[in-house]
Amino acid sequence: MKKDYTHICIVLDASGSMSDIESDIKGSFNTFLDKQREEPGKTVFDLFQFSDEVERLVKSADLALFKDDLMAKYTCSGMTALNDAVCIAIDTMGKEFAEMPESERPENVLCVIITDGEENASKEFSTDDVKKRIEHQQDVYKWEFLFLAANQDAFAAGSALGIRENFCKGFVADSTGIACLCADVASFATGIRNRNK
């Protein structure tokens, strides 16, 4: 594994109910990314958004090289295909990491799942599919997962997906809540970076 290489993947709800805070999400996440650029080591960023469909908006962007607005294409509409999004993100990144030489793979992988509603639109994958993948990546490859949810019991919903309870947290879906959410993700990312020091 490549020392001091942290790969951050955000799986972000883009359903219609998120539209009221769309601009807050863009602004707060750009602030988050700017702070990650200041961290020591290599940081690579992936962004998957989900509504009725799943779309990879950012593909393996090295934050030291990409200074443009990585949140620009984020837009909200439709329903909540949460299961499809998580499974597609895990499968996509897992395949790409497997194709890398062992010496180039990230030392730390953090996958952050953010939603303001419950699953209601997945076509391919079930909650059980999500749980199997998350538990496998946690146990075998030491990926870390953070589940942040509004308008539901974050602990129950995250636990159902196989995420450890202390890595599940609720947030308020407003501008202040989104700023706090991004601060929480930044703090968690710092902890991941420092665990192997």
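Asp34 is partly exposed, with a relative accessible area of 42%; buried means under 20%, exposed over 50%, and partly exposed in between (1.4 Å probe, protein chains only). The model is predicted: local features need pLDDT of at least 70, side-chain atom pairs count only at pLDDT 80 or more, and totals for chains, interfaces and linings use all residues. Residues are numbered from 1 along each chain as its sequence is written, and side-chain values use heavy atoms, with hydrogens and water left out.

Asp34 meets Arg37 in a salt bridge (2.8 Å, N to O). A salt bridge is a side-chain nitrogen of Lys or Arg within 4 Å of a carboxyl oxygen of Asp or Glu. Arg37 is partly exposed as well, at 22%. Helices (H or I, at least four residues) and strands (E, at least two) are DSSP runs, numbered from the N terminus.

The structure holds 14 salt bridges. In one of them, Glu107 pairs with Lys3 at 3.1 Å, N to O. Glu107 lies in strand E4 and Lys3 in strand E1 (residues 2-13), so this pair ties together parts 104 residues apart in sequence. Glu107 is buried, with a relative accessible area of 15%. Lys169 forms a salt bridge with Asp184, their closest N and O atoms being 2.9 Å apart. Lys169 belongs to strand E6 (residues 168-170) and Asp184 to helix H5 (residues 175-194), so the pair links parts 15 residues apart in sequence. Lys169 is partly exposed at 39%, and Asp184 is partly exposed at 27%. Shared partners join Asp46, Arg56 and Glu96 into one salt-bridge network.

Strands E2 (residues 42-50) and E3 (residues 54-62) run antiparallel and are joined by six bridges. Two strands pair if DSSP finds at least two bridges between them. Phe45 has Ala61 in E3 as its bridge partner. E2 and E3 form a hairpin, with three residues between them.

The whole structure contains zero disulfides. A disulfide is a pair of cysteine sulfur atoms within 2.5 Å. The sulfur of Cys76 is 13 Å from the closest cysteine sulfur, in Cys182, which is too far for a bond. Cys76 is buried, with a relative accessible area of 11%. For Cys168, the closest cysteine sulfur is in Cys111, at 13 Å, again too far for a bond. Cys168 is buried, with a relative accessible area of 4%.
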